[in-house]
Amino acid sequence: QIKNLEEQFEARIVRDDKIEPKDWMPEKYRQTHIRQISQHAHSEIVGMLPEGNWITRAPSLRRKVALLAKVQDEGGHGLYLYSAAETLGISRDEMFEQLHSGKAKYSSIFNYPALTWADMGAIGWLVDGAAIINQVALCGTSYGPYARAMVRICKEESFHQRQGYEIMLKLSEGTQEQKDMAQDALNRFWWPSLMMFGPKDDESPHTAQSMKWKLKRKTNDDLRQQFVDQTVPQAELIGLTIPDPDLKWNEDKKGYDFGPIDWDEFWQVVKGHGPCNKERMKARVNAWEEGAWVRDAAMAYAEKQQERKEK
Ligand code: 3HC
């Protein structure tokens with residue numbers, strides 16, 4: 001019986017059916033999606049912290065408004081994705097407990113500090129640029145709620161990337177000190193942005209299966225290569241130098257060859273030993289604990305509303 005169900009499921013994946021919450025699915029498919037979608041949601045929420053730190057210190061009202069809108073968007077992306085994960089049978093509280101206890105991961109990139117205003121440019125340009133490449137591919141993912149969340153999120157991410165790149169453009173047209181600040185931000189965020197795409201395909205425990213299930217539509221290395229090829233010309237356009245002496249155009253593959261990624265650094269950060277891991281977790285746990293009264297009040301209000309309706 002199960003064998004038959006599995007065969008039907010595989011056939012649905014092959015013909016690009018969208019799998020919906022109430023459809024039969026292999027338990028491992030469910031668990032893999034709960035893992036990836038909840039960690040994606042955690043990334044959005046933790047990702048609000050480095051940028052939130054600069055809202056009060058933005059250099060102009062225009063920059064403040066754009067940054068405020070972006071951070072607010074990230075919070076909304078987190079809520080879409082938590083809701084998509086809940087359709088697979090995990091509760092919001094369980095997901096937050098997994099994040100706060102360190103059981104669940106979030107994107108490594110947010111464990112790096114945002115030291116100058118130029119970092120707001122580098123994060124929008126590079127981190128959201130990388131996220132867009134990853135998320136455009138995920139628009140074609142086989143699980144319906146995840147694919148639909150991605151379509152909406154990608155629309156908003158483009159604005160995030162543009163506003164970041166415009167910050168870098170303005171700085172690169174500024175004083176030498178501003179140019180240096182932009183170059184310093186690129187130097188610090190370039191390699192961690194390449195690491196966002198995950199380990200190399202041949203060192204990725206999940207990629208092969210995720211490709212079979214059409215959860216992933218492109219592999220980690222393919223998306224990383226796409227990001228490098230798209231971003232190098234953007235850096236050149238604004239007179240910034242990519243901090244990779246091995247970067248070189250390869251005519252045969254019509255793409256850039258680039259230097260080795262420091263995977264020790266990657267795994268150190270993923271394992272919790274990055275520059276800001278402790279600070280990020282502390283901020284999230286504090287927000288959860290100090291916000292308990294807001295959640296209780298909202299629930300009490302909703303119950304009261306419900307009682308009034310039923311009278
Ligand atoms: N940071 C932290 N952990 C990472 C990671 C990263 N950059 N890349 C990989 N890992 C973890 C994986 O979670 C997995 O650990 P787990 O089994 O405990 O979950 C392990 O390393 C092995 O990596 P794999 O490549 O085999 O794992 P995946 O198949 O899950 O691929 C991924 C990793 C490419 C990140 C994939 O999960 C994915 O595409 N996730 C959705 C995209 C996402 O999370 N993006 C966050 C970017 S930030 C963002 O979107 C906010 C933006 O608005 C700024």
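This is a predicted model: local features need pLDDT of at least 70, side-chain atom pairs count only at pLDDT 80 or more; totals for chains, interfaces and linings use all residues.
Visitor: At what angle do the axes of helix α2 and helix α4 cross?

Guide: One reads both the distance between the axes and the angle. Helix α2 covers residues 27-46 and helix α4 covers residues 61-86. Their axes come within 8 Å and cross at roughly 165°. Angles over 145 degrees count as roughly antiparallel, and therefore α2 is roughly antiparallel to α4. The crossing of these two helices is left-handed.

Visitor: Which residues make the contact of α2 with α4?

Guide: On the side of α2, the contact is made by I37, S38, H40, A41, H42, E44 and I45. On the side of α4, E74, G75, H77, G78, L81, Y82, A84 and A85 take part. By class, the residues of this contact divide into seven nonpolar, six polar and two charged.

Visitor: How far apart are the axes of α4 and helix α7?

Guide: The axes of α4 and α7 (residues 144-172) lie 10 Å apart, and the two helices pack at an angle of about 160°. That angle makes α4 roughly antiparallel to α7. The crossing of α4 and α7 is left-handed. In their contact there are 12 nonpolar, three polar and 10 charged residues.

Visitor: At what angle do helix α6 and α7 pack, and what is the hand of their crossing?

Guide: Helix α6 (residues 118-138) packs with α7 at an angle of about 150°, and their axes are 7 Å apart. As a result of this angle, α6 is roughly antiparallel to α7. The crossing of α6 and α7 is left-handed. Their contact has 17 nonpolar, nine polar and two charged residues.

Visitor: How many salt bridges does the structure hold?

Guide: To read a salt bridge, one looks for a side-chain nitrogen of Lys or Arg within 4 Å of a carboxyl oxygen of Asp or Glu. The structure holds 22 salt bridges. One of them joins K3 and E7, with the closest N and O atoms 2.8 Å apart.

Visitor: Why are K3 and E7 separated by about one helical turn?

Guide: K3 and E7 are separated by about one helical turn because they are four residues apart in helix α1, which covers residues 2-14.

Notes:
Residues are numbered from 1 along each chain as its sequence is written. Side-chain values use heavy atoms; hydrogens and water are left out. Axes are lines fitted to C-alpha atoms, for helices over the stretch in contact, and angles run from 0 to 180 degrees between N-to-C directions. Angles under 35 degrees count as roughly parallel, over 145 as roughly antiparallel, 65 to 115 as roughly perpendicular and the rest as oblique. A crossing is left-handed if the near helix is turned anticlockwise from the far one by less than a right angle, and right-handed if clockwise. Contact means heavy atoms within 4.5 Å. Ala, Val, Leu, Ile, Met, Phe, Trp, Tyr, Cys and Pro count as nonpolar, Asp, Glu, Lys and Arg as charged, and the others, Gly among them, as polar.
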